[in-house]
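Welcome, and take a moment to look over the sequence and the fold before reading on. We will go through the model a piece at a time.

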Amino acid sequence: MNEKGERLMFGLFHKKEQKALELGAPVSGQAVPLQEVSDPTFGGEGVAVRPTDGRIYAPADGEITLLFDTLHALSMTTDTGAELLLHIGLDTVALKGAHFKAHVKTGDKVRKGDLLLEADLKAIREAGYDVITPIVCNTDHFAEVKAVTGADVTPQDTVLILTSK
């Protein structure tokens, strides 16, 4: 039966409801379009944050699928199947882990809002690196990926909305 009390035959005429996943900001700062990241490696779908704080939090519930040895980036898969890459700064792999501290490891289950990493933004800037933090996601499973930009955000404020196909 539908909301009008009409009988539906095997659900054939019932419109499939699209589900959306809201990803929280992983860090405090200004949310900007991914196109503002000067490194073309980060093309595709996502968002970036110009951080004002060095604490990086989980944008959704999921699992850490890879924590880079240099601690400048990690990938995670959300409980709904979205694959995310969080990258703190540009070319920061060259720091070889200096100025970063991990609070998780590969394989850890995390909840939205859990502390993942800490980055000493002042030291990273003084070393000559841009600290903009891109968040890139896969788009295979999503009909739409909408970035929410143009505002200051704190961790868990919505910065990406992923709508299922």
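Two strands count as paired if DSSP finds at least two bridges between them. With that in mind, look at V32, whose bridge partner in strand 3 is A48. These residues belong to a pairing between strand 2 (residues 29-33) and strand 3 (residues 45-51), which is antiparallel and spans five bridges. Strand 2 has a further pairing, with strand 13 (residues 151-153), again in the antiparallel sense, this time over three bridges. Here you can find Q30 standing opposite D152 of strand 13. As background, the strands of a sheet pair through backbone hydrogen bonds, and they may do so in parallel or antiparallel fashion.

Residues 11-16 are another matter: their pLDDT stays under 50, and the model gives them two contacts beyond four places in sequence. Where pLDDT is low, the predicted coordinates should not be read in detail.

In which order do the three strands of the open sheet lie? The order is 1-14-12, with antiparallel pairing. Strand 1 (20-24) and strand 12 (142-147) are the edge strands, as each of them pairs on one side only. From one strand to the next, the twist averages 15 degrees. If you follow strand 12 to strand 14 (residues 158-164), you will find the two running antiparallel and joined by five bridges. Within this pairing, K146 has I161 of strand 14 as its bridge partner.

Our last stop is the loop between strand 7 (83-87) and strand 8 (100-102), where D91 is placed. The backbone deserves a look here: phi of D91 is near 60 degrees, a positive value in a residue other than glycine. K96 also lies in the loop between strand 7 and strand 8. The phi of K96 is positive too, at about 50 degrees, although K96 is not a glycine. Is K96 buried or exposed? K96 has a relative accessible area of 70%, and the cut-off for exposed is over 50%, so K96 counts as exposed.

Technical notes. Residues are numbered from 1 along each chain as its sequence is written. This is a predicted model: local features need pLDDT of at least 70, side-chain atom pairs count only at pLDDT 80 or more; totals for chains, interfaces and linings use all residues. Side-chain values use heavy atoms; hydrogens and water are left out. Helices (H or I, at least four residues) and strands (E, at least two) are DSSP runs, numbered from the N terminus. Buried means under 20% relative accessible area, exposed over 50%, partly exposed in between (1.4 Å probe, protein chains only). pLDDT is the predictor's confidence in each residue, from 0 to 100. Contact means heavy atoms within 4.5 Å. Axes are lines fitted to C-alpha atoms, for helices over the stretch in contact, and angles run from 0 to 180 degrees between N-to-C directions.
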